[in-house]
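Student: I would like to learn how to read helix packing and sheets in a model like this one. Could you take me through it step by step?

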Amino acid sequence: MSAPDLLVVRGLVAGYGATPVLRAVDLTVPAGTIAAVVGANGAGKTTLLRALSGMIRPAAGQVLLAGEDLRGTPVEQLVRRGMAHVPEGRGVISELTVDENLRLGGLWRRDRADAGRALDEVYELFEPLARRRRHLGHQLSGGERQMLALGRALVGRPRLLLLDEPSLGLAPRVVARTMALLRQLRDRTGLTVLLVEQNVRSALAVADQGVVMSLGRVVVAAPAATLRDDDDLRHAYLGF
Amino acid sequence: MDRFVFLTVDGLSRGAVYAAFALALVLIWRAARVVNFAQGAMAVAAAYVAYSVSAATGSYWLGFVVAIVAGLLLGALVDRVVMRHVDHASPLNPVIVALGLVLVFQAVLGMVYGNEFRPADVPFSRSALTVGGVAVLSPYDLFVFAAIGVVVSALAWMFARTGVGLRMRAAAFAPEVSRLLGVNVGGMLTLGWALASGVGALAAMLVIPTELGLHPHAMDLVFVSAFTAAVVGGLDSPPGAVVGGLVVGLLLSYVSGYAGSDLTPLAVLVLLLAVLLVRPGGLFAPVAARRV
């Protein structure tokens with residue numbers, strides 16, 4: 001099982017202002033797998049996602065998506081390359097309805113018929129959203145907002161999904177359901193996921209690959225199972 | 001009673017213009033968080049373009065269409081060339097720049113066309129038709145209602161029902177998230193400026209002939225009334241702007257009819273002050289949305 005690498009990151013340096021948060025990050029994510037980036041607060045996990053989607057401009061390094069260099073691609077073009085980024089706090093637009101939020105995820109697509117099909121699929125996948133189409137974003141519960149943000153990304157039929165802290169502020173039951181859904185999407189549609197998590201246990205439980213970041217660098221990249229089972233590694237980098 | 005009917009109709013006709021102008025202010029406020037104090041001067045500039053075209057061709061309608069197009073282009077231009085480059089960190093910056101634009105527009109128009117009133121044409125008669133012995137609406141009033149009704153409905157439909165409208169709303173509410181979803185936020189902002197300025201040009205074309213005529217300052221008082229209308233409606237609410245415009249139009253018509261036209265500028269300012277003191281969010285302020 002040697003899938004081609006969908007995402008290749010080489011020597012990525014990025015940050016805010018003069019001090020880089022990321023210092024030469026290297027990372028590869030094979031197509032159709034889930035990679036979980038874990039690490040302490042301030043390790044640069046969120047910055048990594050923001051640099052990948054172009055929300056902050058990398059100072060150096062290379063990001064290849066399916067072999068294409070993403071350097072200089074405007075943020076709003078990345079959905080067209082197949083990258084979807086669900087930001088921290090999830091970015092549901094409170095003033096828009098559920099249906100409007102979801103449709104927004106597919107508006108850029110030329111293939112209107114398939115955008116409509118993708119929307120229907122998301123409503124099938126997240127049945128509570130279908131019952132709340134006309135509700136405004138701010139009327140939803142935390143779990144529903146999570147579904148909405150995830151569903152909105154899926155309407156664009158991405159190849160690579162970047163997820164920032166999907167478990168943040170959610171009940172364990174909802175977290176478990178989200179993680180199960182990611183696996184299901186990977187198996188069924190070949191979706192590739194790069195997931196950033198504080199919740200190390202559930203992230204490593206769902207992921208194929210575990211990536212440990214510390215102080216702006218990747219210190220370990222290993223099969224998630226290895227990280228889970230290797231006590232020394234866990235103690236050294238994850239503190240449990 | 002006749003007088004009341006006349007003042008009411010006149011107030012609504014004037015209010016429709018305020019409504020359109022207030023709507024233009026709200027469009028830019030929602031998209032860019034800028035109160036476009038230059039809107040009056042920009043609209044007058046578009047009206048002067050129409051004046052030149054009509055004078056050269058003899059066609060009112062050609063001038064009318066050119067005014068709207070000139071308004072659209074001017075709005076896009078002001079955004080791309082000026083406002084885009086203003087640091088919005090302090091809300092005062094764009095306000096000062098907009099006031100500067102007013103001076104520039106009015107000075108240039110004064111140099112090109114002269115600081116004198118020029119009579120502006122109307123396409124329909126302004127004398128009121130009588131219904132059952134009571135003078136009610138003039139054909140021109142009907143034209144004003146129809147033109148503004150069409151534009152307001154078209155905008156409402158666009159924002160509520162079309163993909164472009166959804167993109168524009170999303171870009172205004174959450175620019176960063178919208179970019180991640182493939183929305184060209186800068187383009188939506190420019191489109192918002194263009195539409196607002198086009199609506200402003202339409203309002204200027206409709207109202208200028210009913211006042212003293214074309215002059216670089218022709219829209220100054222209309223701007224104050226429309227700004228009051230927008231504040232009455234709550235700067236964030238397009239329906240509020242329309243209702244606010246009609247309310248201000250009626251109020252001014254009654255004040256001028258029953259108390260004397262000298263008092264109308266004062267009445268506008270009193271209303272503005274009262275709303276700002278009692279309900280600064282406007283009468284249509286939405287209940288604050290919970291943000292998470």
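**Helices and a sheet**

Tutor: In this predicted model, the axes of helix H1 (residues 2-32) of chain B and helix H8 (residues 185-207) of chain B come within 8 Å and cross at roughly 165°. Axes are lines fitted to C-alpha atoms, for helices over the stretch in contact, and angles run from 0 to 180 degrees between N-to-C directions. Because angles over 145 degrees count as roughly antiparallel, H1(B) is roughly antiparallel to H8(B).

Student: Which kinds of residues make up the contact of H1(B) with H8(B)?

Tutor: Contact means heavy atoms within 4.5 Å, and the residues here, including Phe21(B) of H1(B) and Trp193(B) of H8(B), divide into 16 nonpolar, two polar and no charged. Ala, Val, Leu, Ile, Met, Phe, Trp, Tyr, Cys and Pro count as nonpolar, Asp, Glu, Lys and Arg as charged, and the others, Gly among them, as polar.

Student: In what order do the six strands of the open sheet in chain A lie?

Tutor: Strands of a sheet pair through backbone hydrogen bonds, either parallel or antiparallel. In chain A the order is S6-S7-S8-S3-S9-S10, with mixed pairing, where two strands pair if DSSP finds at least two bridges between them. Strand S6 (83-86) and strand S10 (217-223) of chain A are the edge strands, each pairing on one side only.

Student: How many bridges join S3 to S8 of chain A?

Tutor: Four bridges join strand S3 (residues 34-39) to strand S8 (residues 192-196) of chain A, and the two run parallel; Ala36(A) stands opposite Leu195(A) in S8(A).

Student: How should I read the numbering and the limits of the model?

Tutor: Residues are numbered from 1 along each chain as its sequence is written, while chains are lettered from A and ligands numbered from 1 in the order in which they are written. Local features need pLDDT of at least 70, side-chain atom pairs count only at pLDDT 80 or more, and totals for chains, interfaces and linings use all residues, while side-chain values use heavy atoms, with hydrogens and water left out.

Terms used:
Angles under 35 degrees count as roughly parallel, over 145 as roughly antiparallel, 65 to 115 as roughly perpendicular and the rest as oblique.
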